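Me: I would like to go through the terms used for this structure and ask, for each label, what value stands behind it.

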Amino acid sequence: MSSPAPSSRSWSISEDSLRRYVRFASESCIQELLSASDSNRAENANDGWKVLTLDNGVEISKRRSGSLHTFRSRWLLRSVSPQQFITVANAVDAAKQWDSDLVEARYIKDLEDNLSIIRLRFGDNSKPLFRNREFIVYERRETMEDGTLVVAVASLPKEIAAGLHPKQNNAIRGLLLQSGWVVEKQEDDACMVTYVVQLDPGGWLPKCFVNRLNTKLVMIIENLRKLAQACPIDGHR
């Protein structure tokens, strides 16, 4: 049997190997998320984050990462518990409510109770920057010893993703390089939410458009806030 062309390579791996890979790969993502959410970071002027806006208690910052930028949004949500927020942020079926460009979000495989593989798809009618993009990502959910909730999300390597879910038709497979939530409990039933994202949408796009895409993604926290405030406290995924 001839080997597939390099552009269509795919790897078929066992579920156990996939689980071990994702747990290993997600460790560094979790540590990066916790570092980005560190409340003492302001004391370190050399951490690379540059504040872009600070408005109505919402801070949006960026840090250069190679040819792209990593964006971070931090927001103190009042009258919202960490569990309420994470319940909404992890509700794949409801994802279109907080990202209007998303046409499909579904679980491909659950590897463990806190470890899943998800497909995100943006369709023909999405905005130009999202049109026909799809992402095959892992999602790992952890609770730290102090009660902080962390959700790490990033794309699988393209060969593994192709083995799990072949790219369809004219879809362009993008890469979510680093993404996720850190939700810290505060006093008076409030929580501090940090959202970090670095994304390569795939295909050729001017760098300024890619960075604008990242900026748009961190803005979805406002939609999530509204949904979280309406979420029952005892809700779950």
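**Labels and their cut-offs**

Reply: The count comes to 15 salt bridges, a salt bridge being a side-chain nitrogen of Lys or Arg within 4 Å of a carboxyl oxygen of Asp or Glu. This is a predicted model, in which local features need pLDDT of at least 70 and side-chain atom pairs count only at pLDDT 80 or more, while totals for chains, interfaces and linings use all residues. Residues are numbered from 1 along each chain as its sequence is written, and side-chain values use heavy atoms, with hydrogens and water left out.

Me: Why is R23 called partly exposed?

Reply: R23 has 26% relative accessibility, and therefore counts as partly exposed, the class in between buried (under 20% relative accessible area) and exposed (over 50%), with a 1.4 Å probe and protein chains only. E112, with a relative accessible area of 28%, is partly exposed.

Me: Why are E139 and R141 called buried?

Reply: E139 has a relative accessible area of 5% and R141 has 13% relative accessibility, so both values fall under the limit for buried. E139 also forms a salt bridge with R141, the closest N and O atoms being 2.4 Å apart.

Me: Why is S79 called exposed?

Reply: S79 has a relative accessible area of 51%, which is over the limit and therefore exposed. S79 lies in the loop between β3 (68-77) and α2 (82-89), and its phi is near 60°, a positive value in a residue other than glycine.

Me: How do you know that the side chains of E59 and R72 make a polar contact?

Reply: The distance given for the two side chains is 3.3 Å, and a polar contact is a pair of N or O atoms within 3.5 Å, where, within protein, one must be able to donate a hydrogen and the other to accept it, and residues adjacent in sequence count only if both atoms are side-chain atoms. E59, in strand β2 (residues 58-65), is buried because its relative accessible area is 15%.

Notes:
Helices (H or I, at least four residues) and strands (E, at least two) are DSSP runs, numbered from the N terminus.
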